[in-house]
Amino acid sequence: MLSAISSSLLIPNKPLLTRALLRCPILATNPRALSSLSIVSALSNNAADAGVRTGAVSPAAVTEEDLQQRIDVNPPKGTRDFPPEEMRLRSWLFSNFREVSRLFSFEEVDFPVLESEALFIRKAGEEIRDQLYCFEDRGNRRVALRPELTPSLARLVIQKGKSLSLPLKWFAVGQCWRYERMTRGRRREHYQWNMDIIGVPEVTAEAELISAIITFFKRLGITASDVGFKVSSRKLLQAVLSRYSIPEALFGKVCIIIDKIEKLPLAEIKKELESVGVLEEAIEQLLQVLSIKSLTELEEILGDSGEAVADLKQLFSLADKFGYSEWIQFDASIVRGLAYYTGIVFEGFDRGGKLRAICGGGRYDQLLSTFGGDDIPACGFGFGDAVIIELLKEKGLLPELGLQIENIVCALDPGLQGAAATVATILREKGQSVDLVLESKPLKRVFKRASRINANRLILVGVSEWQRGMVGVKILSTGEQQEIKLDELD
């Protein structure tokens with residue numbers, strides 16, 4: 001029966017349905033693009049496969065024969081379905097995101113998945129520019145599926161203006177989209193947990209955010225031997241570049257190149273730095289600083305009077321007070337790839353070296369002015385859902401999340417289906433979950449279903465019991481069975 005239903009859905013061969021589909025401009029572009037999230041693929045067509053930003057595409061003619069071909073039932077490349085077992089895992093993960101945010105007194109916010117493209121186009125050279133799922137809508141507006149959450153946060157803060165009482169402690173869990181090469185833990189869509197503190201210039205804000213992430217790890221059973229944090233500051237690069245009179249305009253480009261230091265050979269990094277105008281002497285000094293792994297050594301080169309050194313020393317002091325010193329380490333090569341970071345940056349990494357960065361963040365005091373607002377001190381982090389699941393699998397820490405239902409209610413006679421519905425309603429109004437058997441089934445199959453959904457109780461509605469205002473109740477874990485009056489059922 002299921003295959004018959006599936007076939008009828010997958011092959012739309014009725015004339016009325018076919019004519020309706022032919023009028024659909026999305027399907028006129030791509031007859032397989034049936035979901036709202038695959039609109040972008042239809043609009044981008046071959047150009048999107050090359051990572052090129054495109055505009056609207058003119059509808060192309062489609063024949064009925066095209067529409068009658070079997071639809072590809074797989075989700076678009078780089079995306080995921082969430083059947084019940086996967087959805088339980090996602091809900092469990094998100095509940096931990098939200099619980100940690102609650103423990104740290106953060107308020108939840110959200111933003112549109114579809115934003116103005118201009119919101120994400122910042123300084124030239126950012127990798128994210130070429131990864132946007134973007135297109136022109138029917139109103140000739142350039143829009144994009146959000147690749148991250150922070151610009152949307154900045155937009156909302158500017159929109160609310162002086163009505164906001166600082167500091168803000170906001171968090172969000174939202175879906176993000178990037179057209180990028182897929183690897184383990186990296187997809188073209190993912191969900192991301194962000195926590196941001198707006199209005200606090202002190203390093204205490206970064207220390208609090210790292211503490212929140214570590215609290216999350218501990219809840220999941222992850223230890224400091226599994227995961228660590230590399231910490232540095234964008235101000236280190238600024239200090240080195242200023243010594244060699246490197247224009248400030250080059251700073252963002254240099255950061256983007258340095259962010260690739262673990263992915264490209266050193267010779268390639270040097271070549272890219274030279275190509276943007278960094279002098280050879282400055283490159284050598286820069287690479288020397290980036291190889292530093294201790295604050296003591298950093299002080300010997302830069303001195304102890306700079307902001308970068310002072311900020312980092314304070315952060316490590318606070319880490320000791322928070323109780324997570326063993327989790328963090330200084331690494332000057334960490335800069336993060338986004339152009340808007342201005343101070344301390346940090347990145348969570350798998351100590352086993354098998355996975356890409358687990359999470360990352362830092363200070364972005366000048367982001368709001370990029371969008372025409374007044375700058376406010378701010379810092380935050382992004383934490384994706386894909387890499388952490390891979391890490392939990394690696395460590396054997398994924399929870400068993402079977403379906404758990406409190407009651408299964410079954411009528412023993414077709415004429416008592418209404419009575420069974422009454423029993424189900426009574427229990428649901430008392431806050432209990434109920435699986436009501438909706439069709440006539442042999443009792444043997446009802447017991448099998450009860451076992452599959454991990455039901456606690458089986459409630460049987462029989463003719464003689466119902467006439468006496470009672471139902472049969474069987475505790476499935478012990479086999480204990482009794483009759484209970486309907487008004488005493490709880």
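Modeller: Buried means under 20% relative accessible area, exposed means over 50%, and partly exposed lies in between. Please note that this is a predicted model.

Colleague: Then how is Gly277 classed?

Modeller: Gly277 has a relative accessible area of 42%, so it is partly exposed.

Colleague: And where does Gly277 lie?

Modeller: Gly277 is in the loop that runs between α11 (266–275) and α12 (280–290). Its C-alpha atom is separated by 9.3 Å from that of Pro247, the two residues being 30 residues apart along the chain.

Colleague: Turning to Ser333: is it buried or exposed?

Modeller: Ser333 is buried, because its relative accessible area is 8%. This residue belongs to the loop between β8 (328–330) and β9 (344–350).

Colleague: What does the side chain of Ser333 make a polar contact with?

Modeller: The partner is the side chain of Asp331, at 2.6 Å. Apart from neighbours within four places in sequence, Ser333 is in contact with Ile258, Ile261, Leu290 and Lys293.

Colleague: A change of topic: how many residues has the largest nonpolar core?

Modeller: That core has 80 residues, and those with the most contacts inside it include Trp193, Phe229, Leu298 and Ile388. Helix α8 (residues 204–219) gives the most to this core, with nine residues.

Colleague: Which residues is Ile388 in contact with, leaving aside its neighbours within four places in sequence?

Modeller: Ile388 is in contact with Leu93, Phe216, Phe217, Leu220, Ile222 and Phe383. There is also a second, separate core of 21 residues, and among them are Phe111, Ile198, Tyr341 and Ala378.

Key:
Residues numbered from 1 in each chain as written. Predicted model: local features only at pLDDT ≥ 70, side-chain atom pairs only at ≥ 80, totals over all residues. Heavy atoms only, no water. Helix = DSSP H or I, 4+ residues; strand = E, 2+ residues; numbered from the N terminus. Buried < 20%, exposed > 50% of the residue type's maximum accessible area, 1.4 Å probe, protein only. Polar contact = N/O pair within 3.5 Å; in protein donor to acceptor, adjacent residues only side chain to side chain. Contact = heavy atoms within 4.5 Å. Core = buried A, V, L, I, M, F, W, Y, C linked by side-chain atoms within 4.5 Å.
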